[in-house]
Amino acid sequence: MKTLSPFVKDLLRFLMTLFAPVILIVLGGLLIGWSITNEYSILAWTGLIMVGAGILWGLIFFFYHSGSHWG
């Protein structure tokens with residue numbers, strides 16, 4: 001069985017790191033929509049926390065890699 005080349009592994013790792021906050025936001029939004037429809041309030045709050053964590057993670061990721069220095 002042939003494994004992936006190191007370049008493809010690095011590329012997949014980079015893309016997963018880049019899109020992880022977006023994936024977290026989308027999955028949280030889907031969880032909110034499904035739980036509100038089915039009246040599961042605890043899952044709606046969990047989805048809201050997921051969306052908030054994805055936004056926070058994305059902002060930290062953006063500011064860390066934007067080249068601007070905070071201090």
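Trainee: In which helix is Val26 found?
Mentor: In this predicted model, Val26 has a relative accessible area of 46%, and is therefore partly exposed. Its C-alpha lies 9.5 Å from that of Gly47, a residue 21 places apart from Val26 in sequence. The element that holds Val26 is helix α1.

Trainee: How are helices α1 and α2 oriented relative to each other, roughly parallel or roughly antiparallel?
Mentor: Helix α1 covers residues 6–37 and helix α2 covers residues 41–65, and their axes come within 8 Å of each other. The axes cross at roughly 160°, and angles over 145 degrees are the ones that count as roughly antiparallel. The two helices, α1 and α2, are therefore roughly antiparallel.

Trainee: Which hand does the crossing of α1 and α2 have, left or right?
Mentor: The axes of the two helices cross at roughly 160°, and the crossing of α1 and α2 has a hand as well as an angle. That hand is left, the crossing being left-handed.

Trainee: How many nonpolar residues does the contact of α1 with α2 have?
Mentor: Sorted by class, the contact of α1 with α2 has no charged residues, and 8 of its residues are polar. The number of nonpolar residues in this contact is 19.

Trainee: Is Gly28 buried or exposed?
Mentor: Gly28 lies in helix α1, and, with neighbours within four places in sequence set aside, Gly28 is in contact with Gly47, Met50 and Val51. The C-alpha atoms of Gly28 and Ala53 are 9.4 Å apart, although 25 residues separate the pair in sequence. Buried means under 20% relative accessible area, and Gly28, at 0%, is therefore buried.

Trainee: Which residue has its backbone oxygen 2.9 Å from a polar atom of the side chain of Ser35?
Mentor: Ser35 lies in helix α1, and its relative accessibility of 1% is why Ser35 counts as buried. Leaving aside neighbours within four places in sequence, Ser35 is in contact with Tyr40, Leu43 and Ala44. The backbone oxygen that lies 2.9 Å from a polar atom of the Ser35 side chain belongs to Leu31.

Trainee: What value is phi of Glu39 near?
Mentor: Glu39 is placed in the loop between α1 and α2, and its relative accessibility of 72% is why Glu39 counts as exposed. Its phi is positive, in a residue other than glycine, and is near 60°.

Trainee: What distance separates the C-alpha atoms of Gly58 and Gly29?
Mentor: Gly58 is found in helix α2, where its relative accessible area of 22% is why Gly58 is described as partly exposed. Gly58 and Gly29 are 29 residues apart along the chain, and the separation of their C-alpha atoms is 15 Å.

Note on methods:
Residues numbered from 1 in each chain as written. Predicted model: local features only at pLDDT ≥ 70, side-chain atom pairs only at ≥ 80, totals over all residues. Heavy atoms only, no water. Axes fitted to C-alpha atoms, helices over the stretch in contact; angles between N-to-C directions. Helix = DSSP H or I, 4+ residues; strand = E, 2+ residues; numbered from the N terminus. Parallel < 35°, antiparallel > 145°, perpendicular 65-115°, else oblique. Left-handed = near helix turned anticlockwise from the far one by under 90°. Nonpolar A, V, L, I, M, F, W, Y, C, P; charged D, E, K, R; others polar. Buried < 20%, exposed > 50% of the residue type's maximum accessible area, 1.4 Å probe, protein only. Polar contact = N/O pair within 3.5 Å; in protein donor to acceptor, adjacent residues only side chain to side chain. Contact = heavy atoms within 4.5 Å.
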